[in-house]
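Here's a walk through the inside of a protein model. Have the sequence and the 3D view open as you read.

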Amino acid sequence: MEKLINFKINGRDVVAKKGETILDVARKERIYIPTMCYLAKATPNASCRMCVVEAKDVDGFVLSCNTPPVEGAEFTTDSEELYKERQNIMKLYNVNHPLQCGVCDKSGECDLQNKTLEFGVTEQSFAVKDQARKKKKWGVHTYDPALCILCEKCTTVCNEIVGSEALFIKVGGYKSYIDIDLKKCIQCGECVSVCPVGAMASTEFKYSTNAWELTRVPSSCSHCSSACSLNYESKDGVIRRVTNEADFSSLCGAGRFGYDFANYTAVKDEDAFTKAVEAFKDAKNVLFTSNITNEEAYILNELKKKLGFNLVNDEAKKYQEFMESFAQTANTSLYSATIDSIKSSDYVISVGSSIQSDNPMVKFALSQAVGYNKAFVSTIHPVEENSISNIISLFIKNEVGSEEAALAMIAEAFVEDKSSQKEFFDSLDFGYLSGESNISDEEIATLKQKYARKKKPVLIIGEDIINHSRANNIAKITGFIQKNTPFEVMVIPPVTNTLGVCLICNLDEKQDGLSVGYNVTADFILSAKGDGDLDMPALNQQEGTFVNIDKDLVVLNSGVSYKGYVLNDIANALGLKAKNTIDYTSKLGFENIEFDDLDNYYDNSGNAFRGYKIASKANSNSVKIEEVADLGEYNGSVVYARNPLNQFSAFTKDCKQLNSKLDLIGSKQFAIAAKIKSGDKVKFSVNGVEYTRHFNVDIHMKGTIAYNPVFDMDAKTSNYRYNQVKIEVING
């Protein structure tokens, strides 16, 4: 039983768990203690000293942010002495601080401004010689050192949460300021979100509007399967910025700066609507992507039952099949890990994922696992990600296509009771698997050695594996590992609502005949980008839900208005009956909870109340794992479908601040093998799709593999992400 610590705050009896500080308990009990530098999601840096409290029978003040209570202690959070202490701290913060609140972006939501008023600092009582401090522009964010109070929140979040280690303090006494290594910066804007003053600001938003003029709507990010909590903030019917509960949650650059994809020009075109209804009646196929709400997925599935068309989403079907095979050996329908379990892990193996670009929140979680738990992290992948080398303990380079062998070797190393799959394990030829996969016995031995005495291991399965030709057997191996080892397993959903679609829809293969596409190229196109036959709302203009990577059903609210037709209008014209799309929320097959009854907030302690957890269903099937198939060869020039940072889809492609290029990026070895050079315009085909790209060399990459961005495609590929290609130079 966990030992609890009984003590008092302001005469009230309170209780602390092991590891909690005085400030933690105070916030949980809704007792106010002022702070300036404290971030609940990071370790205390104790630079501001605003959180001091008085302890009975103790001389001086105690820092509540990093002091755990002891049994029987008594603390006071507010007194005349504490007020004077905090007032003096604020006077120091205000030394030479520019009085430019009228044009500062933080005015109206500034911690310094608020606490200057709270502690009665009405004048600058003293000053020191001011310093010449140049403003800096660092891509999507700017830094004004004249406004900086050196609270260290930005450096803390960059180093501990993001793991980029781009920001640091340039020490120089009173001349100290924040500096940056731009090569390490991933342009996520976490530093902007945690800055308590106007020092770190969004370059695009700066000086554009006042905080109190904005209308704030809490919602969820629609760009990747993390579906992070965020707020759309609009003025005059246009989204101007995105914020989040920065003390508790995080956003990547796409979530924070990729908000300008709403379909503002849509109108109700009755003729186009009539044609859409007729197209559904005649359709042999309805194609869609997983950038869709659960409610819309439900509508499409109900229309499939009514009209008999094939419901096609190739990417989600691959994931659905993977999870069905996974359940046959895991004996449960869902994987067990969450983002929080990665954060708290002390041992992680990742297979088949380009982590930083595929799902930034997984990368953030790994960074925290390393920083807080000294976690051992190993990635098994054909291409080493130099940008996250600071959090990787062991990189294992496997051959392209050998992921089945890699999972088999992991299962052999970590499963103790192999009796139920004896034939599979007896069939493993380690010499062959090691030789063909390039994973050595020594590397597996290192994994086992580092595993000793670890208590919270996690296995991460990436998109490469979902689209592997042997995905179903790999899924069985993965499920067996989850059931028969201490590993929690995460199978990263490739697109925003892939998991929700898989749980709701009965998906088919595409057949010949008329096709309707929802944000997908087809004979008749419903498009949220305004370039189809009938306009649809973008996801930041909709109400509904997603199922995120944590298996939580989370709320999506409309950030701005939409004036055209929606899918529910078409459904009603075809015989379904619902006043609003969200009338289907309680009918999704999970829990019978109406949309308006779903929670969407964080409490004082940082606990997230976002919708509800999807229950994993028991599966009593027992199937045999097949022998590992012979490994194929990938010789010559190989391209890997991988997007640059902060790009996920055609919706991020056109966002003004996410200006990534559609360049083929390869190593020097790749350039030599393909007989091309930096700056060349090239073309090549992958699975019948022709790509035209400019080629550039990344001097840090190794091997004959190049990154091919695919965020300009209307739907995510369901094919294996590596492909051998013939590259042709088309300069001029």
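Which residues lie nearest the centre of the largest cavity? They are Asp358, Glu463, Asn643, Lys716 and Arg721, out of 14 lining residues.

## Ground rules

This is a predicted model, where local features need pLDDT of at least 70, side-chain atom pairs count only at pLDDT 80 or more, and totals for chains, interfaces and linings use all residues. Residues are numbered from 1 along each chain as its sequence is written, and side-chain values use heavy atoms, with hydrogens and water left out.

## Cavities

A cavity here is a set of points on a 1 Å grid over the protein atoms alone, where a 1.4 Å probe fits but cannot get out; lining residues have an atom within 4 Å of a point. Points are joined across faces, edges and corners, and a volume is the space filled by probe spheres set on them. On that basis there are eight cavities of 30 Å³ or more. The largest cavity holds about 120 Å³. Sorted by class, its lining has five nonpolar, four polar and five charged residues. For these classes, Ala, Val, Leu, Ile, Met, Phe, Trp, Tyr, Cys and Pro count as nonpolar, Asp, Glu, Lys and Arg as charged, and the others, Gly among them, as polar.

The second largest cavity comes in at about 90 Å³. Its lining numbers 16 residues, with Cys158, Leu167, Cys185, Cys188 and Cys191 nearest the centre. Two elements each give two or more residues to that lining: α4 (153–162) and α5 (190–194). Helices (H or I, at least four residues) and strands (E, at least two) are DSSP runs, numbered from the N terminus. The most comes from α4, with four residues. By class, this lining has eleven nonpolar, four polar and one charged residues.

## Nonpolar cores

A nonpolar core is a set of buried Ala, Val, Leu, Ile, Met, Phe, Trp, Tyr and Cys residues joined through side-chain atoms within 4.5 Å. Buried means under 20% relative accessible area, exposed over 50%, and partly exposed in between (1.4 Å probe, protein chains only). The largest core takes in 148 residues, and Phe280, Tyr335, Ile349, Val362, Leu526, Leu534 and Ile570 have the most contacts inside it. Its largest share, nine residues, is from helix α13 (residues 403–414). A second, separate core has 30 residues, including Cys151, Leu167, Cys195 and Ala199.

Zoom in on Ile570: setting aside residues up to four places away in sequence, Ile570 touches Phe273, Ala276, Val277, Phe280, Leu526, Leu534 and Met536. Contact means heavy atoms within 4.5 Å.

From first C-alpha to last, α13 reaches 17 Å, close to the expected 16 Å. That expected span is 1.5 Å times one less than the number of residues.

Helix α9 (residues 314–330) has 17 residues and spans 24 Å, close to the 24 Å expected. Twelve of the 17 residues of α9 are buried, so the helix is largely enclosed by the rest of the structure. Among them are Glu315, Lys317, Tyr319, Phe322 and Phe326. The cover over the buried residues of α9 includes β19 (457–461), α17 (463–466), α18 (471–484), β20 (488–491) and α19 (498–504). After α9 comes Asn331, with a positive phi near 60°.

## Loop residues worth a click

Most residues other than glycine have a negative phi. Leu150 is not a glycine, yet has a positive phi of about 50°. Leu150 sits in the loop between β7 (141–143) and α4, and is partly exposed at 27% relative accessible area. Arg453, also not a glycine, has a positive phi of about 70°. Arg453 is in the loop between α16 (441–451) and β19, and is exposed, with a relative accessible area of 78%.

Is Phe648 buried or exposed? At 12% relative accessibility, Phe648 counts as buried, although it lies in a loop, between β29 (638–641) and α21 (650–653). Leaving aside neighbours within four places in sequence, its contacts include His223, Cys252, Asp358, Asn643 and Phe711.

Conventions: On a 1 Å grid over the protein atoms alone, a cavity is a set of points where a 1.4 Å probe fits but cannot get out, and a pocket is an open set with protein on both sides within 12 Å along at least five of seven lines; lining residues have an atom within 4 Å of a point.
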